[in-house]
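Grab a pencil and get the viewer ready. Here are some exercises, each with a solution worked out step by step.

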Amino acid sequence: MVQTAEITFASAPQRRLQGAAPKRSTEPLSSIPVIDMAQPDRLAAEQLATACSTVGFFYVCNHGVEESIVKEQFAQSHAFFDLPVEEKLKIKANASQRGYYPYSMGSAKNSKGHHDQKEAFNVYGFESDQSDLPFHGHNLWPPVELLPRFRPAMLAYYAAMNQVATRILRLLGLALHLGPDYFLPKFTSSTSNIRCVHYLPQRSQPDEGVCGVGAHTDWGMLTVLATDSQPGLQISHDGAWIDVEPRPGHFVINIGDLLDRWTGGKFCSTLHRVVNQTGLDRYSCPFFLAPAWDAKIEPLPGIQDPTINATNTVVTCGEWLSMRRAAEYGGQPLLAML
Ligand SMILES: O=C(O)CCC(=O)C(=O)O
Ligand SMILES: [Fe+2]
């Protein structure tokens, strides 16, 4: 039985500082790896293993997603955020985590008293009538009369991202010597979501705590990110912030804390943030891949993770996401070491 009371929570970087997981590479980072997804699986999996165990971030190219699907997602995202605020607030996000997050609702205040400088819109791949459970419920949509192409664009984008993520899951299984199908059953009715994000046209001042998104690690398995042509994403490597430049035709992929935990820190989730350096609007759309609500996150075969073993607890994906949310919004200092 899962003993929720005993689950110890620490973000991946905290666990690393506590010695519970391998330390990150301190090699200078010459560039963010690029993985060509048209390569044979064996080669792609080898490169994936290196990227995941050193940087935790990489680009993918030749991923097979039609450019028109990405363009239409961004066009509809612009159209939505351009609506009058009263219209957007009619589909304000509730406990189901779906719908519109105005500026100030999409993040907790940081220690300097600022929210992330963004507004957002969430769509989940699964819908459920069990709306008493967190993250469950039905997607919210703007009226068809206002934005007739919004819903089909978002659902097509979700499906395309899910395909990319599923290919990566297969490569992860190979990279961890578990076989290409190892992870797939845990993701059949996944709790994944896309989030359209509009960063406000305002220069960030990271030292004052004013950021597009403050320093964080992602909660789930991995993230597939599309951005427009505006720079802003930065990753922390060996004490420095490194720019992840937008690259047309590529997605940026990063490891989340759930996979970091699942692999005992072998594959690392990396701190990142968004710093608006231009003062212009910026749009992005992360796809957050997460297992099914009830999927058990047990130590993988051959992986020893003292954090999991010490408490002898197995966490379900649902417990993990709920814990992460409570930590973020309940004032628990996730990133105290910053
Ligand atoms: O917009 C970006 O470039 C990254 C966003 C991000 O890190 C997040 O939403 O978790
Ligand atoms: Fe992130």
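**Exercise 1.** Find the distance between an oxygen atom of ligand 1 and an N or O atom in the side chain of D218.

*Solution.* Step 1: the distance comes out at 3.2 Å. Step 3: for Y199, a polar side-chain atom sits 2.7 Å from a ligand 1 oxygen. A polar contact here is a pair of N or O atoms within 3.5 Å; within protein, one must be able to donate a hydrogen and the other to accept it, and residues adjacent in sequence count only if both atoms are side-chain atoms.

Before you go on, know that this is a predicted model, where local features need pLDDT of at least 70, side-chain atom pairs count only at pLDDT 80 or more, and totals for chains, interfaces and linings use all residues. Residues are numbered from 1 along each chain as its sequence is written, chains are lettered from A and ligands numbered from 1 in the order in which they are written, and side-chain values use heavy atoms, leaving out hydrogens and water.

**Exercise 2.** Work out how much of ligand 1 the protein covers, and which elements build the shell around ligand 1.

*Solution.* Step 1: on its own, ligand 1 has 290 Å² of accessible area (Shrake-Rupley method, 1.4 Å probe), and the protein covers 96% of that. Step 2: β7 (222-227), β11 (272-274) and β12 (282-289) each give two or more residues to the shell; strands are DSSP runs of E, at least two residues, and helices are runs of H or I, at least four, numbered from the N terminus. Step 3: β12 provides the largest share, four residues. Step 4: sort the shell by type and you get six nonpolar, four polar and two charged residues.

**Exercise 3.** Trace the open sheet of eight strands and find its edges.

*Solution.* Step 1: read off the order β1-β2-β10-β7-β12-β5-β4-β3, with mixed pairing (two strands pair if DSSP finds at least two bridges between them). Step 2: β1 (34-36) and β3 (99-101) are the edges; each has a single partner strand, so one side of each has no neighbour in the sheet. Step 3: look at β7 and β12, which run antiparallel and are joined by six bridges. T223 faces F288 in β12.

**Exercise 4.** Do the tracing again for the open sheet of four strands.

*Solution.* Step 1: the order is β6-β11-β8-β9, with antiparallel pairing. Step 2: at the edges stand β6 (213-216) and β9 (240-243), each with a single partner strand, so one side of each lacks a neighbour in the sheet. Step 3: β8 (residues 233-237) pairs with β9 over four bridges, in the antiparallel sense. Q234 is opposite D243 in β9.

Terms used. Nonpolar A, V, L, I, M, F, W, Y, C, P; charged D, E, K, R; others polar.
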